[in-house]
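Come along, and I will jot things down as I go.

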Amino acid sequence: MEAATAAPHQKAASTEVPQYLMALEKANQVRLARAELKDAIAKGAVQAAAVVRMPPREATRMSVAELLTSQRQWGSTRARRFLVPFRISENQMLGALTKRQRRIVAAELERRSASGARTAAAGVS
């Protein structure tokens, strides 16, 4: 009888990984994925506008300012000034943006990217 009452209080298996270790592993994976994404944006391999339109799962809890400042020559002041006309807080999470906000921010980023490319090409000639 005592063995039957003691069973619910025991761990299911001694090889089971504790929940906190699984959470730490998942958090590390998310951090690595975000770091890779920010590096790809900085190198120009990924456009910030594309991430705003369809953020990967790991980036949904990333702030808009964090994404913007991962671009070359974008600091916190430039990111804040960029977001003011759209009335979007720099602390807003990418996953919390509405479809309309995503569309507007992505379009403006693409516009600025295209005009920056034209300016750079004109300066090289």
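Predicted model: local features only at pLDDT ≥ 70, side-chain atom pairs only at ≥ 80, totals over all residues.

Entry 1: I began with E110 and R53, whose side chains meet in a salt bridge at 3.0 Å, N to O. Where do the two partners lie? I found E110 in helix α6, which covers residues 99-124, and R53 in helix α3, which covers residues 48-53. The pair therefore ties together parts that are 57 residues apart in sequence.

E110 is partly exposed, at a relative accessible area of 38%. R53 is partly exposed too, and its value is 35%.

**Entry 2: E108 and its partners.** Next I stayed in helix α6 and looked up E108 and R111, which are 3 residues apart there. Their side chains form a salt bridge of 2.6 Å, N to O. I then turned to R112, which also makes a salt bridge with E108; here the closest N and O atoms are 2.9 Å apart. R112 and E108 are 4 residues apart in helix α6, so about one helical turn separates them. For E108 and R111 the separation is likewise about one helical turn.

I wrote down that E108, R111 and R112 are linked in a network of salt bridges. How accessible is each member? E108 has a relative accessible area of 15%, under the 20% limit, so I noted E108 as buried. R111 is partly exposed at 48%, and R112 is partly exposed at 33%.

How many salt bridges does the count come to? I got 5 salt bridges, and the ones in my entries are among them.

**Entry 3: the aromatic rings.** In one of them, the rings of W74 and F82 have their centres 5.4 Å apart and their planes at 75°. Planes over 60 degrees apart count as edge-to-face, so that is what I called the pair of W74 and F82. W74 and F82 are both buried.

F82 turned up again with F86, in an edge-to-face pair with 5.4 Å from centre to centre and 70° between the planes. Which cluster do these rings make up? I put W74, F82 and F86 down as one aromatic cluster.

Technical notes
Residues numbered from 1 in each chain as written. Heavy atoms only, no water. Phe/Tyr/Trp six-rings, centres within 6.5 Å; stacked < 30°, edge-to-face > 60°. Buried < 20%, exposed > 50% of the residue type's maximum accessible area, 1.4 Å probe, protein only. Salt bridge = Lys/Arg side-chain N within 4 Å of Asp/Glu carboxyl O. Helix = DSSP H or I, 4+ residues; strand = E, 2+ residues; numbered from the N terminus.
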